[in-house]
Amino acid sequence: MNTVLVVDDEKGIRNILVEILQNEGLKVIEAENGLAAIKQFESQPIDLIFCDIKMPGMDGVEVLKKLQEINQEVPIVMLTGHGTIETAVECIKSGAYDFLSKPVELNRLLVTLRNALDKKYLEKETR
């Protein structure tokens with residue numbers, strides 16, 4: 001079973017994502033901020049991360065860069081309700097797998113989820 005980490009300071013958004021991902025048969029772990037996300041990431045195997053950008057304290061771009069330092073093999077999908085092209089480009093350059101705007105369209109979320117997990121396992125098999 002794949003494990004997904006959902007990082008968002010808004011509990012309502014986390015709840016929606018958790019429900020969607022659990023309905024897809026995934027184990028879901030939640031983090032309400034960047035520091036909690038890093039602790040979760042360091043303490044257990046995670047296959048995919050959905051991370052909000054606008055959060056108090058450590059923002060999503062900082063979280064992305066820190067998680068990439070720890071392990072570049074885990075795909076990270078950035079989420080934001082206030083996205084700009086500049087932010088999207090910065091996230092992709094920093095190693096994000098994809099960038100989705102909130103509210104996230106269900107089909108786009110599921111396609112991104114499947115593609116990210118497929119890519120991760122194809123890269124693992126190739127190695």
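Q: Is Thr80 buried or exposed?
A: Buried: this is a predicted model, and Thr80 counts as buried because its relative accessibility there is 2%, where the cut-off is under 20%.

Q: Ok, and which element is Thr80 found in?
A: Strand S4.

Q: What is Thr80 in contact with, leaving aside neighbours within four places in sequence?
A: There's Asp52, Ile53 and Lys54, plus Phe99, Leu100, Ser101 and Lys102.

Q: Switching over to Gln68. Buried or exposed?
A: Gln68 has 12% relative accessibility, so it counts as buried too. Its place is in helix H3.

Q: And what does Gln68 contact, again skipping neighbours within four places?
A: Val74, Ile76, Ser94 and Gly95.

Q: Which other residues of H3 are buried?
A: Besides Gln68, the buried ones in H3 are Gly60, Val61, Val63, Leu64 and Leu67.

Q: Where do those buried residues fall when you look down the axis of H3?
A: They fall within an arc of 155 degrees, so they line one face of the helix.

Q: What does that buried set of H3 pack against?
A: Helix H2, strand S3 (48–52), strand S4 (76–80) and helix H4 (85–93). S4 is also where Thr80 is found.

Q: Let's stay with H2 and H3. What's the angle, and how far apart are the axes?
A: H2 (residues 34–43) and H3 (residues 60–70) pack at about 15 degrees, and their axes are 10 Å apart. Angles under 35 degrees count as roughly parallel, so H2 is roughly parallel to H3. The crossing is right-handed.

Q: Which residues make that contact?
A: From H2 you have Gly34, Ala37, Ile38, Phe41 and Glu42; from H3, Val63, Lys66, Leu67 and Ile70. Sorted by class, the contact of H2 with H3 has six nonpolar residues, one polar and two charged.

Q: New topic: how do H1 and H5 cross?
A: Helix H1 (residues 11–23) and helix H5 (residues 106–126) cross at roughly 60 degrees, and their axes come within 12 Å. That makes H1 oblique to H5. The crossing of H1 and H5 is right-handed.

Q: Who's making the contact there?
A: Leu17, Ile20 and Leu21 on the H1 side, with Leu106, Leu109, Leu110 and Leu113 on the H5 side.

Q: And what's the class breakdown for H1 with H5?
A: Seven nonpolar residues, no polar and no charged.

How values were computed. Residues are numbered from 1 along each chain as its sequence is written. This is a predicted model: local features need pLDDT of at least 70, side-chain atom pairs count only at pLDDT 80 or more; totals for chains, interfaces and linings use all residues. Side-chain values use heavy atoms; hydrogens and water are left out. Axes are lines fitted to C-alpha atoms, for helices over the stretch in contact, and angles run from 0 to 180 degrees between N-to-C directions. Helices (H or I, at least four residues) and strands (E, at least two) are DSSP runs, numbered from the N terminus. Angles under 35 degrees count as roughly parallel, over 145 as roughly antiparallel, 65 to 115 as roughly perpendicular and the rest as oblique. A crossing is left-handed if the near helix is turned anticlockwise from the far one by less than a right angle, and right-handed if clockwise. Contact means heavy atoms within 4.5 Å. Ala, Val, Leu, Ile, Met, Phe, Trp, Tyr, Cys and Pro count as nonpolar, Asp, Glu, Lys and Arg as charged, and the others, Gly among them, as polar. Buried means under 20% relative accessible area, exposed over 50%, partly exposed in between (1.4 Å probe, protein chains only). The arc is that of the directions from the helix axis to the C-beta atoms.
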